[in-house]
Amino acid sequence: MPEQTTATYRFYSWLRQGLLAGLSGPGTSSQPTAGRLSLPIRLRVNDRAPIDVNVQLYGPGDITGLDAREIIRTEPHAHMTDFEPNYFPAIEFDRPDFPWLFSPAAADGARRLRPWICLIVVPKERATLKTNPQRPLPAITCGLEDLPDLDQSWAWAHAQIVGEQRSTPDPSPRATLQQILNDHPERTLSRLLAPRRLDPNTAYYACLVPTYDVGKKAGLGEPIKLEDEQALKPAWVKAATPGPVTLPVFFQWEFRTGLAGDFESLARRLKAQPLPSSVGLRPVDIRTPGWGMPTLPPGAPGSLLDLGGALQTPETQPRDWPDSPRKTFQLALGAILNAPAAMAGTSGAPALLGPPLYGQWYVDRDSVPPADQPPHWFRDLNLDPRHRIAAGIGTMVIRNEQESLMASAWDQLEQQRRDRQRLKRAQLAEAVGVSLSKKHFAALDPAGLLQLTGPAVQALAGIATSPATPPTAETSNLLSGHPAVTGAFRRLTRMNGPITSHAATVDALRLPATSPASTAGQAFRPLMQFAVATKQRQAPALREWSELKADVLRRLAPKDAVLAAVKKSMPAIESTELTTFAPTFPQPMYEPLRDYAPDLLLPGMDQVPSNTIALLKTNPTLIEAYMVGLNHEMSRELLWRGFPTDQRGTYFRQFWDAGGEELPTNDAERESRFDITRITAWAADSRLGSHSARGSAVGQMVLLIRGDMLRRYPRAMVYALESVWSADGTRRELGTTERYPIFRATQSPDITMLGFPLTEDQVRGADNKAGGHPGWFFVLQEQPTEPRFGLDVATTFGGTPAHWRDLTWGHLAPDEAALKQIVYVPIDGLLKNTVFDQIPWGKNSAHMATITRQPPFRVAVHARTWLPARQ
């Protein structure tokens with residue numbers, strides 16, 4: 001379905017601005033003047049009779065170069081190797097009137113205007129492009145059959161203006177159009193199309209060439225005669241004798257077409273279908289584990305287990321592990337794992353090296369706990385062979401990548417040392433500041449403190465009457481303008497000042513009731529004396545000043561000031577406390593799992609048919625087991641290399657590639673992007689697979705796409721779209737809430753997997769409107785950036801489409817052989833005088849742009865296509 005876009009594209013068959021908008025020339029009743037547009041000017045000198053003079057403007061014969069900055073986009077871009085053969089190459093200019101800027105003509109009776117340049121597309125194998133220093137421009141030589149008909153060049157040049165509202169009248173009033181041209185030039189451009197039928201897997205030159213013979217001669221450095229300017233012949237004539245034609249080139253680029261098919265055709269090839277339930281599982285034989293453990297006969301219950309991959313289908317159901325063989329196996333395995341710890345407790349016994357206890361440093365244990373005893377995740381990880389396999393793959397990854405990982409760890413340690421030196425200096429500044437604050441500020445009575453800090457009060461934003469009361473707009477400047485913080489107060493209440501020296505004479509002074517003539521109250525005597533002297537009706541309360549003193553001291557705390565200064569150079573720091581350092585590795589660790597153990601990413605991937613779109617879900621249990629194995633082995637490697645570590649760091653927390661998400665802006669968002677929380681924070685009673693930092697222990701839904709679509713269109717948009725119930729509650733419709741992928745994984749050659757923050761129940765939705773939410777669609781959409789032009793791939797030949805949006809190359813010819821004879825789209829072919837959707841074929845270039853514009857295509861598939869209704 002076409003994209004529902006809010007932008008309104010308006011096409012104009014030609015556009016001229018300023019003086020050119022009203023000029024006449026060839027094609028009108030006036031006579032041409034030397035092949036140029038002329039501007040009539042009437043001159044009057046003093047009182048003499050006026051004189052009419054025609055001022056000639058520049059024409060195509062005067063142009064021998066082009067400023068490349070005028071070109072803002074080419075379609076396809078230079079050196080593209082897989083351009084869609086059914087689309088038109090195009091070139092866009094910044095000026096909306098550029099294709100007609102030097103056209104020495106006015107519009108004809110049908111309001112068509114030939115541009116002074118056009119875009120040609122020629123196969124490289126049949127053309128020669130050369131640069132001659134004796135010529136002003138490079139030149140291309142090709143056959144006449146590879147050139148378009150210049151009599152129809154008006155049909156493939158148009159101006160474009162992007163409107164704001166669909167309610168704007170069409171065509172726009174002249175005043176509205178002029179306002180957009182003046183005030184919003186960024187919403188205007190002009191475009192030339194090359195409506196050539198392209199062959200797949202073919203290299204082409206795209207060249208900007210003149211359409212007039214005088215322009216061709218000027219570009220080739222040939223002399224131009226007066227009769228040439230008067231005649232204004234075209235640069236070539238299709239009816240002429242076939243042969244090579246040499247044209248000057250203002251601008252050129254190269255590209256190559258890919259296989260037949262565009263985004264729409266590739267998207268339609270994708271088949272939404274569920275995958276076999278065996279996808280996502282790999283059998284593991286534990287009949288003969290070795291190490292003296294009990295064996296099982298072939299076919300015995302529990303002799304085969306299903307190892308789930310990092311991705312599974314929603315229908316994946318691993319076979320159960322019966323209790324009897326499970327307990328026997330785990331009891332024997334537990335004895336082997338606990339043997340080193342048991343022997344270490346025996347005096348005189350030699351040290352025993354046993355299999356690894358994955359994650360033992362995070363729980364500070366050297367043995368597996370008894371059955372049903374915490375930490376449960378630690379016991380599940382070490383006694384289940386499927387989990388130990390995943391953890392073992394993690395250790396293998398570290399062993400193979402140890403050199404690059406250790407090099408990164410040492411680099412991080414060096415940076416950490418510099419940061420620690422900054423923090424140590426900050427701690428010293430805090431200690432000195434606290435000492436000085438206690439000595440010079442805290443020892444002062446409130447009056448003395450306000451006297452001392454009065455000049456700084458204006459800078460102490462947010463002072464509140466109580467530390468428990470958050471600052472507000474009213475309290476943020478509580479002391480601002482108060483008499484107690486004025487310069488007059490400090491002068492009057494200074495030692496031996498006017499009030500202090502006459503305090504004994506103020507007998508009518510009324511002390512606060514909260515502190516009647518107490519020693520503490522004496523500290524407030526200057527404040528109250530000042531209140532009386534300034535005719536305040538009531539002396540301030542003692543409690544108010546005490547709270548203000550505490551708040552001032554809090555605002556002057558050295559720790560906050562030092563931390564703010566440190567944050568300027570270390571924005572991520574939260575305090576100046578020194579913490580135990582552990583290196584971190586942010587790269588997605590699914591990639592080494594895919595490379596070293598491809599069957600563990602999605603077991604049975606070879607069973608996914610080509611051109612398939614399917615729904616999967618993540619397997620948090622295997623992912624966490626693999627991540628613990630990574631971190632466990634990295635701790636051992638750091639210790640072995642003499643790296644300062646306590647072996648409790650969570651060095652790897654990112655399994656999937658979350659690079660497509662927006663950058664986090666705070667610590668909470670940064671923490672939520674990881675695939676696991678810190679292992680030291682895993683609760684003892686938690687189970688393996690329940691520690692996702694994203695908050696889901698049941699796995700996110702993953703959309704798998706296998707085919708050429710995302711390989712050829714890597715910028716295509718894939719997202720989840722919430723569905724809504726129709727008014728009658730009988731069907732699900734597209735809503736407006738979108739969810740974008742939180743991670744991406746790829747598998748050569750053509751598999752892409754995109755994860756969404758949605759669970760299986762959420763995307764499935766309710767069976768009916770009364771049951772609740774209708775679920776989610778998954779949408780594949782062509783990138784809706786710039787407009788593109790072309791025709792759909794031919795499926796049938798001849799006939800006419802029901803609507804212009806259904807137009808294909810097959811409608812231009814009665815059969816495939818006739819289509820292959822077409823080089824450029826003919827205006828006067830089978831579709832001549834055809835009208836659909838109130839738009840006639842070939843009336844002008846604006847209509848042709850509207851007909852051939854290819855709106856972005858998107859397809860939406862509801863999750864219930866893969867997830868059956870609940871039984």
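## Strands 9 and 10

In this predicted model, Ala-159 has Ser-190 in strand 10 as its bridge partner. Strand 9 (157-163) and strand 10 (188-193) run antiparallel and are joined by five bridges. Strands here are DSSP E runs of at least two residues, helices are H or I runs of at least four, and both are numbered from the N terminus. Two strands count as paired if DSSP finds at least two bridges between them.

The pair belongs to an open sheet of five strands, in the order 1-9-10-5-4 with antiparallel pairing. Strand 1 and strand 4 (71-75) form the edges, each pairing on one side only. From one strand to the next, the twist averages 25°; axes are lines fitted to C-alpha atoms (for helices, over the stretch in contact), with angles from 0 to 180 degrees between N-to-C directions.

## Helix 22 across the sheet

Helix 22 lies across strand 1, strand 9 and strand 10, at about 145° to strand 1. Seven of the eight residues of this helix (845-852) are buried, so it is largely enclosed by the rest of the structure. Buried means under 20% relative accessible area, exposed over 50%, and partly exposed in between (1.4 Å probe, protein chains only). The buried residues include His-847, Met-848 and Ile-851, and strand 25 (788-789) and strand 28 (853-854) are among the elements that cover them.

## Two nonpolar cores

A nonpolar core is a set of buried Ala, Val, Leu, Ile, Met, Phe, Trp, Tyr and Cys residues joined through side-chain atoms within 4.5 Å. The largest has 97 residues, of which Tyr-626, Phe-652, Trp-656 and Leu-703 touch the most other members. Another core, of 58 residues, lies apart from it and brings us back to Ala-159, one of its members.

Leaving out residues up to four places away in sequence, Phe-652 touches several residues, including Ile-398, Phe-585, Met-627 and Ile-676. Contact means heavy atoms within 4.5 Å.

## Around Leu-867

Leu-867 sits in the segment after strand 29 (858-862) and is buried, with a relative accessible area of 1%. Among its contacts beyond four places in sequence are Pro-314, Leu-615 and Val-763. Its C-alpha atom is 9.8 Å from that of Gly-765, 102 residues apart along the chain.

## Notes on the model

Residues are numbered from 1 along each chain as its sequence is written, and side-chain values use heavy atoms, leaving out hydrogens and water. Local features need pLDDT of at least 70 and side-chain atom pairs count only at pLDDT 80 or more, while totals for chains, interfaces and linings use all residues.
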